[in-house]
Amino acid sequence: MPAEIHLSDVKDLVGKEIGVSKWFTVDQTMIDRFAEATEDHQFIHTDPVRAAAETPFGGTIAHGFLSLSLLSAMNYDCLPRVIEQTMGINYGFDKVRFMTPVKSGARVRGRFTMAEARFRGAGMLMVTYDVTVDVENERKPALTANWITIIQFDPKDRPEDA
């Protein structure tokens with residue numbers, strides 16, 4: 001996949017896996033910082049000794065929303081940039097499922113398939129991705145999601161066949 005594409009190329013990517021990110025390590029420092037930011041200090045995330053003793057995980061696990069929040073970094077790492085884009089907007093999710101806990105120290109990566117792309121108004125392209133976050137050496141993914149983003153662009157750059 002090229003690092004950059006044009007708006008006119010997007011329609012050809014629907015239905016295709018268009019990016020697999022590098023591996024990101026989810027360590028205890030990252031988990032603790034996320035706990036601070038979200039005020040979610042449940043012991044399964046922040047107390048390695050207690051989590052090892054009282055959970056089936058063998059230690060702490062990342063917050064599901066931490067794994068979900070890494071999608072932005074994964075996106076920037078592996079998806080092609082649309083040359084005409086002036087701004088990207090996170091529109092939301094149609095569906096998110098947390099499948100496997102991410103243990104402290106695990107590595108995760110994102111897989112992005114473009115499920116849909118449609119023009120809205122004069123200067124917006126709504127793109128839906130089917131996303132899977134893999135956990136290294138785990139059979140099941142950390143999560144699956146249908147992520148909706150909006151690519152904003154100058155209306156003069158809209159492809160004529162759109």
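## Burial at Ser21

A residue is called buried when its relative accessible area is under 20%, exposed when that value is over 50%, and partly exposed in between. The structure discussed here is a predicted model. Ser21 has a relative accessibility of 6%, so Ser21 counts as buried. This residue is found in the loop between β2 (17-20) and β3 (24-26).

At 2.5 Å, the side chain of Thr55 reaches the backbone oxygen of Ala51.

Side chains of opposite charge can pair when their charged atoms come close. The structure holds nine salt bridges. Among them is the pair of Arg111 and Glu17, whose closest N and O atoms are 3.3 Å apart. This pair links distant parts of the chain, with Arg111 in strand β6 (residues 106-120) and Glu17 in strand β2, 94 residues apart. Arg111 has a relative accessibility of 25% and so counts as partly exposed. Glu17 is likewise partly exposed, at 45% relative accessibility.

Which residue meets the side chain of Arg109 in a salt bridge? The partner is Asp134, with an N to O distance of 3.3 Å. Arg109 lies in strand β6 and Asp134 in strand β7 (residues 124-135), so this pair, 25 residues apart, also links distant parts of the chain. Arg109 is partly exposed, its relative accessible area being 21%. Asp134, at 15% relative accessibility, counts as buried, because 15% falls under the 20% limit. Glu17, Arg109, Arg111 and Asp134 are linked in a network of salt bridges.

## A salt bridge between Lys156 and Asp157

Another salt bridge joins the side chains of Lys156 and Asp157, at 3.3 Å from N to O. Is Lys156 buried or exposed? Lys156 counts as exposed, with a relative accessibility of 65%. Asp157 counts as partly exposed, at 26%.

## Negative charge on the surface

Four acidic residues, Asp27, Asp32, Glu36 and Glu39, gather on the surface in a patch of negative charge. Of this group, Glu36 has its place in helix α1 (residues 28-38). Its relative accessible area is 56%, so Glu36 is exposed. Membership of such a patch requires over 30% relative accessible area and no salt bridge.

## Lys95 and Trp147

Lys95 lies in strand β5 (residues 85-98). This lysine is partly exposed, because its relative accessible area is 42%. What is the separation between the C-alpha atoms of Lys95 and Trp147? They are separated by 7.7 Å, while the two residues are 52 residues apart along the chain.

Terms used
Residues are numbered from 1 along each chain as its sequence is written. This is a predicted model: local features need pLDDT of at least 70, side-chain atom pairs count only at pLDDT 80 or more; totals for chains, interfaces and linings use all residues. Side-chain values use heavy atoms; hydrogens and water are left out. Patches are made of residues with over 30% relative accessible area and no salt bridge: like charges are joined within 9 Å, nonpolar side chains (Val, Leu, Ile, Met, Phe, Trp, Tyr) within 5 Å. Accessible areas come from the Shrake-Rupley method with a 1.4 Å probe; for residues, only the protein chains shown count as cover. Lys and Arg count as positive and Asp and Glu as negative; His and the chain ends are not counted. The place of a charge is taken as NZ of Lys, CZ of Arg, CG of Asp or CD of Glu. Helices (H or I, at least four residues) and strands (E, at least two) are DSSP runs, numbered from the N terminus. Buried means under 20% relative accessible area, exposed over 50%, partly exposed in between (1.4 Å probe, protein chains only). A polar contact is a pair of N or O atoms within 3.5 Å; within protein, one must be able to donate a hydrogen and the other to accept it, and residues adjacent in sequence count only if both atoms are side-chain atoms.
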